[in-house]
Amino acid sequence: MKENGKNGYLQHSEDMDHVAMEKLTIQHEMRRALENKEFVLYYQPQYDLASGQIVGMEALIRWMHPERGMIFPGDFIPAAEESGLIAPLGEWVIEEACRQNKAWQDEGLLRIPVSVNLSFRQFTEKNLTSKISGILEKTGLHPRYLELEITESMTMDVERASQDLRELTEMGLHISIDDFGTGYSSFHYLKTLPIGRLKIDRSFVRDIKQDPSDAAIVAAIISMAHKLQMQVVAEGVETKDQVHFLRSHRCDEMQGYFGSPPLSSNSAHALLMEKVNR
Ligand code: C2E
Ligand code: CA
Ligand code: CA
Ligand code: CA
């Protein structure tokens, strides 16, 4: 610690400088990384709870940093959002997920949708629909095999969201609500927007067997979703007990380490090959 370290203000401003510097560095590095193709997508399978079949894959971004190794999205997506780099990065994610899914389908592997996470910034871009339709055209992926995951906070402007989402679903895409139950919650958007699936956040799933409140919440979400003709995916499923609970409450799908962790594209490919050869 420096001698005048007790000077709170000085220390504070030095910390701020440090934080600002780090931000600049990471933003600069991300630009370079995008050009150098250091970003990759991992794929986490989603399983039908009744049949055990793989029914979808969620694309999750990773940064393969040449010196620092694998960096997880929590450590760079916020900076990408702040700097505006999320626009080209998010577009790359959609295109790469579509390209990969189409390549797997062309090989004769399972035809299943790939889900992509949309950031708030992307969702509020004016030309999102035309960008996505351009990507689908370019990659040749049928729109029914692309699902967009949005969060509840993105639906706050229901009027706007409903126009965009309607355009996207008319194109054939599916929409799901990510981290359901953790965000701004209102039942209004659920009856207004064309939402196909709710993904129950893993904070509710984790203690499903020990905590009666979590169990009640999860059971209520499942039954409400079904009455609204929506499918339900449980996130962060790690144990057999959780699977039993979810199955007995007629949850449709699960995603989590119990089924499989997120896989590199090579490992995901190998898993899909197994399903064909069985
Ligand atoms: P998310 O969309 O809720 O994704 C699920 C996260 O939970 C992933 O973390 C996944 O690796 C992790 N996970 C899956 N199964 C389990 C489990 O059984 N237990 C536990 N404890 N965790 C599990 P990841 O890959 O680090 O991603 C974190 C978040 O970063 C994502 O949360 C999503 O909000 C965001 N993200 C990831 N990829 C993208 C992207 O391409 N674009 C944008 N905008 N955001 C992304
Ligand atoms: Ca997600
Ligand atoms: Ca989630
Ligand atoms: Ca999350």
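At what angle do helix α5 (residues 128-139) and helix α6 (residues 158-171) pack, and how far apart are their axes? The angle is about 20°, and the axes are 10 Å apart. This is a predicted model, in which local features need pLDDT of at least 70 and side-chain atom pairs count only at pLDDT 80 or more, while totals for chains, interfaces and linings use all residues. Residues are numbered from 1 along each chain as its sequence is written, chains are lettered from A and ligands numbered from 1 in the order in which they are written, and side-chain values use heavy atoms, with hydrogens and water left out.

Some terms come first. Helices (H or I, at least four residues) and strands (E, at least two) are DSSP runs, numbered from the N terminus. Axes are lines fitted to C-alpha atoms, for helices over the stretch in contact, and angles run from 0 to 180 degrees between N-to-C directions. Angles under 35 degrees count as roughly parallel, over 145 as roughly antiparallel, 65 to 115 as roughly perpendicular and the rest as oblique. On that scale α5 and α6 are therefore roughly parallel to each other.

The crossing of α5 and α6 is right-handed; a crossing has that name if the near helix is turned clockwise from the far one by less than a right angle, and is left-handed if anticlockwise. Contact means heavy atoms within 4.5 Å. On the α5 side the residues are L128, T129, I132, S133 and L136, and they meet E167, L168 and M171 in α6. These residues divide into 5 nonpolar, 2 polar and 1 charged. Here Ala, Val, Leu, Ile, Met, Phe, Trp, Tyr, Cys and Pro count as nonpolar, Asp, Glu, Lys and Arg as charged, and the others, Gly among them, as polar.

Helix α5 also packs with helix α3 (residues 86-106), at an angle of about 30° and with the axes 9 Å apart. α3 and α5 are therefore roughly parallel to each other, and their crossing is right-handed. From α3 the contact takes in E91, I94, E95, C98, R99 and K102, and from α5 K131, I132, I135, L136, K138 and T139. The residues of this contact are 5 nonpolar, 1 polar and 6 charged.

The next topic is the calcium ions. Donors are N, O and S atoms within 2.8 Å of the metal (3.2 Å for Na, K and Ca), and since water is not among the atoms, sites may look incomplete. The calcium ion (ligand 2) has E58 (OE), N117 (OD1), E149 (OE) and D178 (OD) as its protein donors, at 2.1 to 2.3 Å. Along the sequence these donor residues are spaced E-x58-N-x31-E-x28-D. N117 belongs to strand β4 (residues 114-117) and E149 to strand β5 (residues 146-151), so this pair ties together parts that are 32 residues apart in sequence. For accessibility, buried means under 20% relative accessible area, exposed over 50%, and partly exposed in between (1.4 Å probe, protein chains only). N117 is partly exposed at 28% relative accessibility, whereas E149 is buried at 1%.

The protein donors of the calcium ion (ligand 3) are D178 (OD), D179 (OD), E235 (OE) and E235 (OE), at 2.2 to 2.5 Å. Their spacing along the chain is D-D-x55-E. D179 in strand β6 and E235 in the loop between β8 and α10 are 56 residues apart, and the pair links these distant parts of the chain. D179 is partly exposed, with a relative accessible area of 26%, and E235 is buried, with 12%.

D179 is found in strand β6 (residues 174-180). D179 bridges the calcium ion (ligand 3) and the calcium ion (ligand 4), which lie 3.8 Å apart. The calcium ion (ligand 4) is coordinated by D179 (OD) and D179 (OD), at 3.0 to 3.1 Å.

Two loop residues remain. Q229 is not a glycine, yet has a positive phi of about 65°; it sits in the loop between α9 (212-227) and β8 (231-234), and is exposed at 69% relative accessibility. R250, also not a glycine, has a positive phi of about 60°. R250 is in the loop between α10 (240-248) and β9 (253-254) and is exposed at 60% relative accessibility.
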